Amino acid sequence: MTLDLYGIRQRQGNEGIPVADLLDSNILLSVIKDYGNYLGTTSLTIAGSLFIKRYAVITAAVSLDYFGFLQQQADWWSNAHFDTVAFTLLVDEAPAGLLDENWKEEIFFKHLTPMIRIIAEECKINERILWENVAVRLNSVFREYEHISPSEQLNTVYNDLTSSNCSWLGKDTNPFQQYVHKKFIDAENPKRKTCCLYYQISKPGELPYCNVCPLKKIV
């Protein structure tokens with residue numbers, strides 16, 4: 001199943017907390033601090049940035065893949081829980097029902113958008129960084145499909161995500177217009193416009209910068 005490829009697993013017993021609980025700022029900050037400890041940083045700014053970059057994999061990216069490209073409808077999201085130890089999603093064996101074309105409102109308008117606002121305020125980080133962190137995960141999905149999907153489908157999904165009409169996002173302007181790229185048309189892999197701050201926790205032997213880091217050129 002597509003969810004397995006993203007590290008999402010079936011929930012056992014009473015594991016995890018409902019994903020809706022992550023919109024409680026106290027709970028979210030506790031999770032981010034734990035994630036910071038896992039990464040080896042006490043900086044809320046760094047931890048908040050890299051947490052949303054991780055969280056976007058198991059929310060935005062997997063949803064784009066499952067609901068957007070594969071056009072599946074099983075609603076694994078409504079009853080999803082978050083594993084606060086492994087930092088992944090836990091889903092029920094039996095889906096809650098069907099989730100139709102409104103999947104973007106459920107994932108973004110009702111969840112990721114308010115979460116990003118909380119992280120920006122509490123962790124003292126510009127929202128632009130957080131939205132680009134989400135976008136790079138969406139870009140990864142486009143790269144996976146660029147050689148197996150018809151160009152018409154790629155264009156349709158791309159235009160849908162970058163449309164000026166973004167009521168499903170809960171924002172006046174669509175940040176994905178700046179940060180989501182047509183990988184299947186543009187041969188080059190453009191550098192990010194913002195830095196996710198990963199370089200501040202990279203360890204000896206690891207690449208100090210992401211491949212698309214805007215600071216990489218100064219190394």
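Colleague: How do the residues of the lining of the second largest pocket divide into nonpolar, polar and charged?

Modeller: First, the basis: this is a predicted model, in which local features need pLDDT of at least 70, side-chain atom pairs count only at pLDDT 80 or more, and totals for chains, interfaces and linings use all residues. Residues are numbered from 1 along each chain as its sequence is written, and side-chain values use heavy atoms, with hydrogens and water left out. The lining of the second largest pocket has six nonpolar, six polar and four charged residues. Here Ala, Val, Leu, Ile, Met, Phe, Trp, Tyr, Cys and Pro are nonpolar, Asp, Glu, Lys and Arg are charged, and the others, Gly among them, are polar.

Colleague: Where does the largest share of that lining come from?

Modeller: Rolling a probe the size of a water molecule over the atoms shows where empty space is left. On a 1 Å grid over the protein atoms alone, a cavity is a set of points where a 1.4 Å probe fits but cannot get out; a pocket is an open set with protein on both sides within 12 Å along at least five of seven lines, and lining residues have an atom within 4 Å of a point. In this model, H6 gives the largest share, five residues, while helix H3 (44–69), helix H4 (103–122) and H6 each supply at least two. Of the 16 lining residues, Phe67, Gly68, Gln71, Trp103 and Asp160 lie nearest the centre of the pocket, whose space is about 240 Å³.

Colleague: At what angle do the axes of H5 and H6 cross?

Modeller: Two packed helices are described by the angle between their axes and the distance between the axes. Helix H5 (residues 127–145) and helix H6 (residues 151–161) have axes that come within 11 Å and cross at roughly 170°. That makes H5 roughly antiparallel to H6 (over 145 degrees). In their contact (heavy atoms within 4.5 Å), Leu138, Phe142 and Tyr145 of H5 meet Leu154, Val157, Tyr158 and Leu161 of H6. By class, this contact has seven nonpolar, no polar and no charged residues.

Colleague: How many aromatic pairs does a search of the whole structure find?

Modeller: A pair of aromatic rings is described by the distance of the centres and the angle of the planes. The search finds 20 aromatic pairs, with ring centres within 6.5 Å. Phe69 and Tyr145 are stacked (planes under 30 degrees apart), because their ring centres lie 4.3 Å apart and their planes are at 5°. This pair links distant parts of the chain, with Phe69 in helix H3 and Tyr145 in helix H5, 76 residues apart.

Terms used. Axes are lines fitted to C-alpha atoms, for helices over the stretch in contact, and angles run from 0 to 180 degrees between N-to-C directions. Helices (H or I, at least four residues) and strands (E, at least two) are DSSP runs, numbered from the N terminus. Angles under 35 degrees count as roughly parallel, over 145 as roughly antiparallel, 65 to 115 as roughly perpendicular and the rest as oblique. Grid points are joined across faces, edges and corners, and a volume is the space filled by probe spheres set on the points. Rings of Phe, Tyr and Trp (its six-membered ring) pair if their centres lie within 6.5 Å; planes under 30 degrees apart count as stacked, over 60 as edge-to-face and the rest as tilted.
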